Amino acid sequence: MHQREILSTEIVKKSKNKSKQLDFDPLPKKIIETIKSREKHMCFKKKGTDSTPQCNKSSIPGAVTQRSCVYGGARVVLMPITDAVHLVHGPIGCASCTWDIRGSLSSTSQLYKTGFSTNMEEKDIVFGGEKKLLDTLIEINRLYQPPAIFVYATCVVGLIGDDLKAVCKEAEKITSTRIIPVQSEGFRSFNKSLGHQLAGDALLDYVIGTSHPPSSSNPFTLNIVGEFNIAGDLWGIKPLLEKLGIEIISTLTGDSLVEDIARAHQANLNIVQCQKSSNYIAREMEKRYGIPYLKVNFFGISDTAYSLLSIAHFFQYPQMISRAEKLIENERKRVEDSIKIFQKRLEGKRVAVYVGGNKAWSLIKAFEELGMEVIMTGTQNGLPKDYKKIKETVQEGTLIVDDANAMELSSLLKKYNPDLVISGAKEKYLSMKMGIPFCEFNHDRITSFSGFDGYINFAQDLDRAVSSPVWDHIKKPLKAA
Amino acid sequence: MPESKKHQKKDHPHSPYGEESQELIAKTQKRFAVINPSRMCQPLGAVQALLGIRGAMPLIHGSQGCSTYMRFQLCRHYREPINVSSTSMSEATVVYGGEKNLIQALNTITHQYKPELIGVTSSCLTETIGDDMDSIINKFLQNNHNKIDFPIIPISTPSYAGSHIESYDQTLKALVEKITHQNILKQSLKGLKDENKKSSQINLKDKINVITGLLSPMDVEEVKFILKEMNIESIVLTDNSQSLNSPLDGKVDFLPSKGTTIKQIRDTAYSKATIALSNHANSAGVFLEKEFGVKLFNLPTPIGLRATDEFIETLVKLKNNQISKTLKIHRGQLLDAMVDAHAYNYNRKVAIYGEPDMVVGLTRFTSELGMIPAVVCTGTECNKFKQEIELISSQDGHEIQIISGGDQYDLHQKVKEEEIEILMGNSYSARIAKEENIPLIRIGFPVFDRIGAQRIKIVGYRAGLSLLDLITNTIIEKYYDNLKEEHL
């Protein structure tokens, strides 16, 4: 830990990070007008206060929540496994609204982008869906011979009591492939974090540790956990690690093959990128296989640098450390030169972040390095520990919100008037309709933002979002005669 | 063709779109799995209908995922901020039934969003636990001592039966049935107050109800344009032309600020006639005819020349109005373009995929152009659809492969077998087009990988013209441009 702290201060010193107070002074008494019970879900980071909002409560029925379901949580973690079949056991809509909606990229198989459903119909609800599920599993195995089939339970499966585990076990005997039940009935929790954990359990119980090829001769091996290769993010991280002489055993789960995850237990280290969804897996792997883990973050220059150094220090191999230092030095210079042009236009812009989890804190420094101010950050599914992390990361005076619904988001944007909103597809058109620039940072993202090259892309995309002349036209209405 | 492919190297053993699985698709039949679904579930159809009603809030009684994922699909298609509310059912509430959540949701929406209507749809979850939405809504109304001045319409949409097509139809019927109902009329509804009360029943009798079916905002706009050109006062069910293609003015509407009003829905009972431009969404028209004697005319969706003619001829029959000069010009321009383009399009094999009305309309239109609609596919199992296509097939002498209730796996097989040259369908079918190396005309729902889905036009002469240009230019680019280069 001591070592990490030293590293951290070094990097902060190196970065241009200016620590300054945000300009809500004095802080408004009431953050926005909303339902009484919701008021505690928003707060400012302020000295002498707890600075974390109330969270992990069920959404108010009827408020247009931005949250999804447990199935959605499980699916986001598992779906990037490219050569697996992802079968949704439920009525057609659960599959047809969600297949291939995640921008995870693959360098090999495209099977994960195929939408499989058991298409439960009325008779299956009445008589049970087990037979249909078994038939479907055998058929899919015959058609595709996948190395694994993940079977996701949806709401009705839990209600009618289909024994998912038993059917999967039977199908596994018949097909001799991995058939993995995921008990992700949508209604099981208001917080999709449970889905993340269930997905983790599916990997831990049915995949990790099921393959034992000869171990690598390279002593420096690791798994990248909680990296889903959205828009190719993984491909911005992998080459950096390889340059340090590290062998990547598997990624959980971006651009991964089932076989690689099956031997993930052979790695010497886990690094965790999305700490919202995947800390659980890393912790469990430490318990089960004694693999230590490091929390990393490859968004932003200093966080990427810090992550690389932490990994090099973990392996305690002087040559790797000096390689990392050299790499960082060169890359930092290159990136700083390339982003200058964007930085000029982005400096001083005020950003509001509202995302699913991890990015609510992992992006903060990346903005600050561009001279931007994060005035608001928040998540739909934050837990107390998540908000603690947010509180520690953001500047004094930053607004922190939990589970804001559509109307609250709009009020927040109107009152605090950011220059840029970072969020997902549902919030995109809300923001843009209000004339506020928007940058996608979710499933639909098409540009990779990870690593050094990703940071240049990031700066470029932000510039594209805020600097276009279209926003000026909005401010000049048609003049009446 | 398949022979040569057999000897090519496979790219990846498990790729469904690699060479090996292409063979699999050709060789293997499937019975159980749905692979790449081509229909949505019932709550979505209800939401789509409600989005064309002024001040309406759709509320899905179920898990949060239903409303969130549907919102996601709707937002990325229409590129508009769309709100769909949820009763946020969770484990604890499932055990005791959803009454508490539904009542709380109605309360929240009433106070936060001040709606002119709430459409409450069920889901597989709440249908299975057997929540009685009617009585819960009544309880809510009683709790509020009849202070609720807007209609709350329950719509049963079990996701495990039918598809969004049936629920779209059922939603229109539920709206008309409940709002024209005596008891509702006795209430002083907010939606009625602000309307001009002077409009006498004689004026109402001149109006024509028009059920559009699932159309894009621009298509609904075109239907309204034709009606206006024909000097016809109409009530459009439901009018999404502005709510889902709204101008940017710096404000956000949480509920549609434009659209069919509650008063208009009530007035449908007094209209001269109903024209249903859809064979799959006419139940509201059937109800109005049976209950109030409003004559129903069932027409095909006005896509292409003949179907648009039929629409306009029916309007002439109904009101004895002159055909507008503008429409005559538009028709002439479409004909002119059809003649200009005919040589490129003749005998081109096209596959059409999407909602039944759209597929039927485009089958007729492409056939009018001289193309061969060799494969048609809709996700909903539907006899009416089959009959409509068979009629076109016998009239125009085409052999048409009909997939009704199939998925994209089935469609892909047929596209391959029939050596289709151009595909028309939504964004999900892009992968079939890519793999078969044929062009795709993006149409239907959802279209998320191109801009302007809310403005895709297929209805009327003008849209026929722009669609024809698009089809022809796509064919020229794909099948003629390279030809020239090869000869140079």
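**Domains of chain B and selected elements of chain A**

In this predicted model, the domain assignment divides chain B into domain 1, spanning residues 42-172, domain 2, spanning 203-323, and domain 3, spanning 326-487. The C-alpha centres of domain 1 and domain 3 of chain B are separated by 35 Å, and the contact between these two domains draws on 7 residues from domain 1 of chain B and 10 residues from domain 3 of chain B. On the side of domain 1 of chain B that touches domain 3 of chain B, the largest share, 4 residues, is supplied by helix α4 (residues 64-78) of chain B. The residues on that side of domain 1 of chain B comprise 2 nonpolar, 3 polar and 2 charged residues.

In chain A, helix α17 covers residues 406-416, and its buried residues are A:Ala406, A:Met407, A:Glu408, A:Leu409, A:Ser410, A:Leu412 and A:Leu413. The cover over these buried residues includes, from chain A, the strands β10 (350-355), β11 (373-379), β12 (399-402) and β13 (420-423) and the helix α18 (425-433), and also, from chain B, the helix α6 (99-113). Just after helix α17 of chain A, A:Asn417 adopts a positive phi of about 45°.

Elsewhere in chain A, strand β5 (residues 178-182) is mostly covered, with 4 of its 5 residues buried. Strand β5 of chain A runs parallel to strand β4 (residues 148-153) of chain A, and the two are joined by 5 bridges; among the residues involved, A:Ala148 has A:Arg178 of strand β5 as its bridge partner.

How values were computed: Residues are numbered from 1 along each chain as its sequence is written. Chains are lettered from A and ligands numbered from 1 in the order in which they are written. This is a predicted model: local features need pLDDT of at least 70, side-chain atom pairs count only at pLDDT 80 or more; totals for chains, interfaces and linings use all residues. A residue is buried if 20 or more other C-beta atoms lie within 10 Å of its own, exposed if 12 or fewer, and partly exposed in between; C-beta atoms are placed from the backbone. Two strands pair if DSSP finds at least two bridges between them. Domain bounds come from an automatic or database domain assignment. Ala, Val, Leu, Ile, Met, Phe, Trp, Tyr, Cys and Pro count as nonpolar, Asp, Glu, Lys and Arg as charged, and the others, Gly among them, as polar.
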